[in-house]
Amino acid sequence: MLRNSKSGYGWIAIAFHWTMALLIIGMLALGLYMRQLPQTEPATFELFQLHKSIGFVVLTLAVLRLFWRLVNPSPRLPAGMPPLEKIAAHLGHASLYALIFALPVTGWFMVSASPWGIPTILFNVLPVPHLHVPEALGSQEQAESFFKLLHEYGAYLLIALITVHVAAALKHHFISRDDTLTRMISTGPAKTDN
C-alpha cells in the first residue's frame, strides 16, 4: 500500500517519516556537537558544510512530504481519543512541521547574513546562493546573531517537541493500546478500537 488509507499510513508516508526522523535527530546531535568545536579548525568547517548540506536535504524532503500530505491526507485519529488529545495531536504535528521548515530556513539566512561570506556547496558539488537579508535587521553581524538565536532556540524547541511526540506515541502504544504507533511502522491492517 503506497497511499494512506482512512485507518493507516502507506509506505511513502512511512518512508518520509522515518527518513526525516533519522536525518533530523542526526542534525540536532551534530548541531549540539558543533557548538563545542573551535570555529577556525578545518574539521569544524567540514562539519558545518555537512550540516548545511543535510539541512537542505531535510528542507527538500519537508516540501515533498507536505505536498504528499496535502494530496494524500493522514488517517483518522483513534476514535476513542479524547477531544483535548486530538487538539494536542494536531497542534503538535503543526508545530513539528513549522520547525522542520524553520530550522533549515533560519540556518540558510544565518549563513547568508554572515560577514565571513562562506559559500554553501551542497556535498561539495552544488553551490547554493545566499538569501537576501533585510536591511532592517541591521549590520551583517546583527542579522547573523538574530538568525543564529532563532536557529539555536528553534533546535531546542524541536528537541522538546520530538520528546513529547515520542512519549505520546509510546503512551498510545503501551497505555491506550491503540494503533497510533503501529500504523507508522507497518501498512498492515489496523487494530480495531477497544
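Helices (H or I, at least four residues) and strands (E, at least two) are DSSP runs, numbered from the N terminus.

## The model

This is a predicted model, where local features need pLDDT of at least 70, side-chain atom pairs count only at pLDDT 80 or more, and totals for chains, interfaces and linings use all residues. Residues are numbered from 1 along each chain as its sequence is written, and side-chain values use heavy atoms, with hydrogens and water left out.

## Helix 4

Helix 4 covers residues 140-176. It has 37 residues. From first C-alpha to last it reaches 51 Å, close to the 54 Å expected at 1.5 Å a residue. The expected span is 1.5 Å times one less than the number of residues in the helix. R177 follows helix 4, and its phi is positive, near 55 degrees.

Some residues of helix 4 are buried (under 20% relative accessible area; exposed is over 50%, partly exposed in between; 1.4 Å probe, protein chains only). Among them are A143, F147, H151, G154 and A155. L158, L161, I162, A169 and H172 are buried too. Their cover includes helix 1 (11-34), helix 2 (42-71) and helix 3 (83-113). Contact here means heavy atoms within 4.5 Å.

## Aromatic pairs

Rings of Phe, Tyr and Trp (its six-membered ring) pair if their centres lie within 6.5 Å; planes under 30 degrees apart count as stacked, over 60 as edge-to-face and the rest as tilted. The whole structure holds four aromatic pairs. One of them joins F56 and W108. It is edge-to-face, at 4.9 Å centre to centre and 75 degrees between the planes. F56 is in helix 2 and W108 in helix 3, so the pair links distant parts of the chain, 52 residues apart. F56 is buried, with a relative accessible area of 14%.

Y153 and Y156 also form an edge-to-face pair, because their ring centres are 6.2 Å apart and their planes stand at 70 degrees. Both residues lie in helix 4, three residues apart, about one turn of the helix. Y153 is exposed at 53% relative accessible area. Y156 is partly exposed at 34%. Elsewhere, ring pairs link F109, F146 and F147 into a cluster.

## Salt bridges

A salt bridge is a side-chain nitrogen of Lys or Arg within 4 Å of a carboxyl oxygen of Asp or Glu. The structure has two. In one, the side chains of E152 and R35 meet at 3.2 Å, N to O. E152 lies in helix 4 and R35 in the loop between helix 1 and helix 2, so this pair ties together parts 117 residues apart in sequence. R35 is exposed, at 52% relative accessibility.

K171 and E85 form a salt bridge as well, with their closest N and O atoms 3.2 Å apart. K171 is in helix 4 and E85 in helix 3, so the pair ties together parts 86 residues apart in sequence. Both ends are partly exposed: K171 at 27% relative accessibility, E85 at 28%.

## A nonpolar surface patch

Patches are made of residues with over 30% relative accessible area and no salt bridge: like charges are joined within 9 Å, nonpolar side chains (Val, Leu, Ile, Met, Phe, Trp, Tyr) within 5 Å. L50, V57, F123, V125 and L126 form a nonpolar patch on the surface. Together they have about 450 Å² of accessible area, by the Shrake-Rupley method with a 1.4 Å probe, where only the protein chains shown count as cover for residues.

F123 sits in the loop between strand 1 (120-122) and strand 2 (126-128). F123 is partly exposed, at 46% relative accessibility.
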